[in-house]
Structure formats: C-alpha cells, structure tokens
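Visitor: Could you walk me through this one feature at a time? I'd like the general idea and then the case at hand.

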Amino acid sequence: MSNKIVCLDGFTLNPGDIDWAPFEALGDLVVHERTSPEQVVERAIDAPYVLTNKTPLPAETLRDLTGLRYVGVLATGYDVVDVEAAATRSIVVTNVPAYGTDSVAQHVISMALNMVRPIAIHADAVRDGYWSRSPDWCFSLAPITSLAGRTLGVVGVGRIGMAVARIGAAMEMQVVGHDVNWPSPSGFEGLVVKRLNLEELFECADVVTLHCPLTEANHHLVDARMLARMKSDSLIINTSRGQLIDGAALAAALREGRIGGAALDVLENEPPRDDDPLLNAPGCTITPHIAWYARSARQRLMSMAAENLQSFIAGRRRNQVN
C-alpha cells in the first residue's frame, strides 16, 4: 500500500508557525493550503490517508476515492465527513478531541470580560487624545460592570464547558449548567453547579455560553423563543457551532435591545456573507473562529492527529468516530 498522506487544507492549522514533522515521519506528506470540493478527487485519488479540517468529504467523493482507507479530521467536530458512508466503505474516520480546551475556555472568558469591561474602546480613546484633553483624571465611555456575583449559564458541560465553569467560579460567579448527558463527566463533581433545564438556565443566567456539538436536534437551539426568555441585560457567547443560534433572531433581539449583548466566534456561514445581519448588529462582537487558535493548541492538535494515524497504520484504533 502507498504511504502517501494528503492534507487537503493545511493552512488554518499551520500557516507556517508549527511543524509538520509528526506526519512527515509517517509517510510521504503532501500539504495543500486549501482545496475546493472540485479538486478533492484529483488531489487525493492515489492516497490511502487523507487529512481534512473543513474540506467536505461527502458520500459521492468517498465513492470516487477507491484507495482511501483513512480520514483524519484535524478538528474535534467531524461533520465535514459522511461518516456512515465512510463506514460502509471500511474507511476509518478519526477526530482530535480535547486539544484546545484551555484555549477556547480562555477565549470565552475574554469575550465575557470584554463585554462588561470594554477595554478596547477606552484604549482607543486614550490613543486618540481623549484623556489628554479631558478635564478629569478619569472618564468612561461605556458602562463598566463586574462578573463577580453574576450567574454564568453553561450549556453543554463537557471538557470545555467544565473549564469555563471553573474559571467563572474562580471569578466568584454563580454557575448553572445544562447538559443532555447528565450526570456530568468525571472531574466536574468538585465544582458546585446548579443543574437546570434549558429554559430555566436562559431565564436566570446573566451570561450564557454554548458548548454543544451540532446535531439535528439542537440546530437553532437558540431561537427567538429562547432569546425571549433572557433578561434584557444578559449576554450570550458562542464558541461552539454557528448553527446553534438563529442569527436573524439574535440580530433582531440585539437591535431591539431585548438582550444586553452577544460575543460570537462562530457564525452559520463561514466566512460570513456580506449581508449577514449579525455583522452590523449593535452590541455584537465577532471574532473569526479563533477560539481554538492558540499556537500551543494547534501544535497539540498536530501531534494528536499524527498519533491517530500512527495507531491506524499499526493496526490499532484511536479516536475513531465511525
């Protein structure tokens, strides 16, 4: 069997600041920065091992890749691959769980802090000379509040949700949680969290943060009905999957002042269309899907993905999802 390894879209994982050596040690590695759906078969036709981050591998593409034996998803979510079609063709699909827990959790808390303590607005004003011209020794251009004593609602209490909850608790927030898979995973027991159903969580939380995998059941989990349950000054954060939120409903709630603000690292369409209503929604901060992007997290992802492939080559299964 050939030992060719084709990475279809390596640029986001490695724009040049980490090392492909873990994969180079396993075979003849070919890395494409980006691959359109029309180019997949041409580029991977002779490769038994394919790596993908966001390049789709639907059933029809898998059918044409007759020599394919392994797909390594360079991410935790693996919805870009038709895993059932892969299984019927004896193609193993793996993912990389838990590589960026600290990176995502810190991004969530950074977003929450940015909304209650708008540092950038004030730093820009100082740079523009506002403070130098001020008659007073301090000034405020936006409300400044505190997270201490407020309620943090964690939707999806897995590894990342637990990490966010721990940071929130350390900041003296009251933590409530909802998960469809209670009881919670081992390691969560030491953190005092009030378990609520989803509606109760949205009604009482001052900050709601989403940490769910995307499924058919939770598509648009946060819709107009759920947003209507939130307090007028509550904040919502999403670093999980954009499709968990009905973007049009959220934009309307922000425009009408029915919630206090939103911070999003993911959108329903990525990159977003120019007419995405959230791009210009008041009180909405958007980052370009970078919660996971700490260099240490990407290097860890690289190493873990290579270990998945190494195990497969050795006849073992590691992080198989189909």
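Guide: Let's begin with the nonpolar core: a set of buried Ala, Val, Leu, Ile, Met, Phe, Trp, Tyr and Cys residues joined through side-chain atoms within 4.5 Å. Buried means under 20% relative accessible area, exposed over 50%, and partly exposed in between, with a 1.4 Å probe and protein chains only. Bear in mind that this is a predicted model, where local features need pLDDT of at least 70, side-chain atom pairs count only at pLDDT 80 or more, and totals for chains, interfaces and linings use all residues. Residues are numbered from 1 along each chain as its sequence is written, and side-chain values use heavy atoms, leaving out hydrogens and water.

Visitor: Which residues touch the most other members of the largest nonpolar core?

Guide: Leu 13, Phe 23, Leu 74, Ile 237 and Leu 309, out of 47 residues in that core. Among the elements that each supply at least two residues are strand E3 (49–52), helix H5 (101–116) and helix H11 (295–313). Helices (H or I, at least four residues) and strands (E, at least two) are DSSP runs, numbered from the N terminus. There's also a second, separate core of 30 residues, including Leu 196 and Met 226.

Visitor: What is Leu 74 in contact with, leaving aside its neighbours within four places in sequence?

Guide: Contact means heavy atoms within 4.5 Å. For Leu 74, the partners include Leu 13, Phe 23, Leu 51 and Leu 301.

Visitor: And how do I read aromatic pairs?

Guide: You describe a pair of aromatic rings by the distance of the centres and the angle of the planes. Rings of Phe, Tyr and Trp (its six-membered ring) pair if their centres lie within 6.5 Å; planes under 30 degrees apart count as stacked, over 60 as edge-to-face and the rest as tilted. This structure holds seven such pairs. Take Tyr 49 and Phe 312: they are edge-to-face, 6.3 Å centre to centre with 85° between the planes. Tyr 49 sits in strand E3 and Phe 312 in helix H11, so the pair ties together parts 263 residues apart in sequence. Tyr 49 is buried at a relative accessible area of 7%, and Phe 312 is buried at 15%. Phe 312 also makes a tilted pair with Tyr 70, at 5.0 Å and 40°. Tyr 49, Tyr 70 and Phe 312 form one aromatic cluster.

Visitor: Where does the charged end of Arg 34 sit?

Guide: A charge sits over a ring if NZ of Lys or CZ of Arg is within 6 Å of the ring centre and within 35 degrees of the ring normal. Arg 34 has its charged end over the ring of Phe 11, 4.6 Å from the centre.
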